[in-house]
Amino acid sequence: MEYRKVIIVGGGVAGLGAAKTLGPNVNYLLIEAQDYLGGRILTIDAAENVAVDVGAQFIHGKEKNILYEICEQLNCISDDSNNIENGVLVILSDGTELDSEIMQKAKLVWEDIIQEAQAKFGDTTIPAHYSLADYLQKHLKERLLSSLSCSDNIIDGLIDYFSSIELIENGCLSLSDLSLIEYGSFEYLDGEDEYEFKNGGYRPFISYMKSFILDDNRIRLNSEVIRVKYLEDSHQLLVHIRHHNKTNEEEISTILCDHMIWTSSLGYLKENFSSIFSDEIQLIEQKKNAINNLGFDTINKVAMVYEKSFWPEENHLIILLHTQKQKLLTLVESLKALLNTKETDIQTIIEAIHMYEVLSSTEVPVLICWFAGPAALLLENLSEKVIGQICHEVLCSYLNISSELNQPKHVLKSEWYKNRFVRGSYSYCSTKSRTKDREQLRIGYAPDGIPRIQFAGEATNAKFYGTVHGALESGIREGTELLSIINK
Ligand SMILES: Cc1cc2nc3c(=O)[nH]c(=O)nc-3n(C[C@H](O)[C@H](O)[C@H](O)COP(=O)(O)OP(=O)(O)OC[C@H]3O[C@@H](n4cnc5c(N)ncnc54)[C@H](O)[C@@H]3O)c2cc1C
């Protein structure tokens with residue numbers, strides 16, 4: 001039977017970080033269920049010279065950010081990143097522009113409230129079930145009303161917009177799922193909040209990480225680890241692998257190893273953990289609460305590639321505030337006739353459209369819409385043509401220009417929930433979870449006193465969960481620990 005000292009499960013950034021750390025002298029095999037390396041980092045060519053990151057897109061923070069350091073060396077970070085605050089256009093339902101001063105003030109109010117919510121981290125006087133939504137409901141509207149002199153409709157539109165950004169940032173289905181006490185557990189690194197990439201997106205970073213795996217025999221793609229059993233006699237792990245080949249035929253193989261670093265997403269663990277480790281009752285007991293309690297839902301993106309831009313040149317972000325219910329209803333009516341799609345689906349999607357981001361990394365005009373909440377799941381069942389058309393028509397209607405002249409040339413959408421090796425976007429602290437759940441998820445399984453199965457991946461990082469740098473750090477962390485065990 002094939003033998004390896006170490007098996008790394010998952011070729012996302014955590015798995016690649018672990019492989020780089022173990023280095024060429026350790027006999028490891030990296031097993032990846034899909035046909036590419038990168039996992040939730042996936043760069044797709046939407047058109048010629050247009051690379052779109054359908055998963056992770058930004059680098060969050062600079063100081064002490066190992067991801068930033070690598071990408072800076074690779075010279076793949078865009079110089080425009082610092083301009084992220086400029087060129088924002090905010091349009092209301094009647095097509096008028098919101099005064100930028102009002103938007104600035106609203107943003108300051110929002111940021112203050114968010115900081116106050118973050119400061120509640122660990123406050124044991126707050127009931128455990130209290131969510132960010134509870135906190136916002138109590139404070140946000142009142143504070144916006146007292147700081148801004150504008151109509152109730154605009155205030156409601158602003159609340160909708162800020163809430164949707166928060167849903168996207170946290171990857172949760174509803175802000176009622178987001179724990180208030182744990183909300184401040186995520187640590188922001190100094191520097192800009194979001195650094196963008198040059199054209200090519202995350203691709204150079206993934207190539208760089210892969211370059212440390214010198215030998216292709218150390219990577220097995222299209223191979224899913226389906227069962228792991230600890231053998232008491234030999235202190236080894238018996239690993240069952242299902243290989244998917246192009247003809248859709250399945251083949252099962254087994255490998256023995258001494259150690260394993262497991263890096264799959266929390267979404268995958270929620271669905272498969274108890275069957276993969278069904279022989280390891282102790283391990284299941286150790287982790288089942290953490291896996292159940294931590295949150296993992298879906299966000300998705302739609303990218304639209306155009307022949308030429310039709311939005312104001314100087315704007316890189318167009319925000320829509322849905323200030324008139326009637327406008328939404330009219331849009332739903334006209335799209336229903338055009339698209340032959342369920343009215344309620346169209347409405348859910350339109351209500352979730354709050355911004356169009358101009359992709360700065362390419363000369364070709366590309367708009368990106370981010371979706372969270374129920375709309376993110378719903379769009380996975382719509383065709384690219386339909387979802388692209390909805391996004392396009394809504395923008396044209398708000399800009400008050402003809403939608404026919406400037407149809408998108410290509411539309412691309414992500415489907416992170418349908419991907420059964422991921423099942424969502426990234427982890428968050430739900431009202432059922434506590435920070436210690438991440439520690440519980442991380443802790444290694446040591447049936448003979450020596451850690452045999454270690455756990456990495458973004459969800460195991462208590463400070464930087466939900467990010468690429470958090471995932472990378474977790475892989476390096478487990479790789480380093482394993483090296484010290486092997487070298488003892
Ligand atoms: C839409 C979206 C936008 C995002 N935006 C950002 C952003 O702008 N900035 C940021 O920092 N982060 C962002 N993230 C989060 C970031 O992408 C993730 O935190 C990070 O990539 C997770 O890496 P990972 O290695 O932990 O997990 P993954 O990337 O999920 O890697 C795990 C790998 O394991 C494989 N696998 C699973 N089960 C098995 C098995 N049984 N056998 C073999 N292989 C298996 C999977 O196929 C996968 O490739 C975003 C994510 C999404 C989905």
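**Close-up 1. Salt bridge between R40 and E458.** In this predicted model, the side chains of R40 and E458 form a salt bridge with an N to O distance of 2.9 Å. The pair links distant parts of the chain, with the two residues 418 residues apart. R40 lies in the loop between β2 (28-31) and β3 (43-47), and E458 lies in the loop between β17 (453-455) and α14 (468-486). E458 has a relative accessible area of 4% and is therefore buried, whereas R40, at 22%, is partly exposed.

**Close-up 2. Salt bridge between R220 and E2.** The side chains of R220 and E2 meet in a salt bridge, at 2.9 Å from N to O. R220 has a relative accessible area of 22% and counts as partly exposed. E2 is also partly exposed, with a value of 29%.

**Close-up 3. Salt bridge between R423 and E271.** The closest N and O atoms of R423 and E271 are 2.7 Å apart, and the two residues form a salt bridge. E271 is in helix α7 (residues 266-276), while R423 is in the loop between β15 (410-413) and β16 (426-428). The pair links distant parts of the chain, at 152 residues apart. R423 is buried because its relative accessible area is 18%, which is under the 20% limit. E271 is partly exposed, with a relative accessibility of 43%.

**Close-up 4. Salt-bridge network of E439, R442, R477 and E478.** These four residues, E439, R442, R477 and E478, are linked in a network of salt bridges. Side chains of opposite charge can pair when their charged atoms come close. The count of salt bridges comes to 24.

**Close-up 5. Surface patch of negative charge.** E97, D99, E101, E313 and E314 gather on the surface in a patch of negative charge. One of these residues, E101, is located in helix α3 (residues 100-118). E101 counts as exposed because its relative accessibility is 56%, and the limit for exposed is over 50%.

Technical notes: Residues are numbered from 1 along each chain as its sequence is written. This is a predicted model: local features need pLDDT of at least 70, side-chain atom pairs count only at pLDDT 80 or more; totals for chains, interfaces and linings use all residues. Side-chain values use heavy atoms; hydrogens and water are left out. Patches are made of residues with over 30% relative accessible area and no salt bridge: like charges are joined within 9 Å, nonpolar side chains (Val, Leu, Ile, Met, Phe, Trp, Tyr) within 5 Å. Accessible areas come from the Shrake-Rupley method with a 1.4 Å probe; for residues, only the protein chains shown count as cover. Lys and Arg count as positive and Asp and Glu as negative; His and the chain ends are not counted. The place of a charge is taken as NZ of Lys, CZ of Arg, CG of Asp or CD of Glu. Helices (H or I, at least four residues) and strands (E, at least two) are DSSP runs, numbered from the N terminus. Buried means under 20% relative accessible area, exposed over 50%, partly exposed in between (1.4 Å probe, protein chains only).
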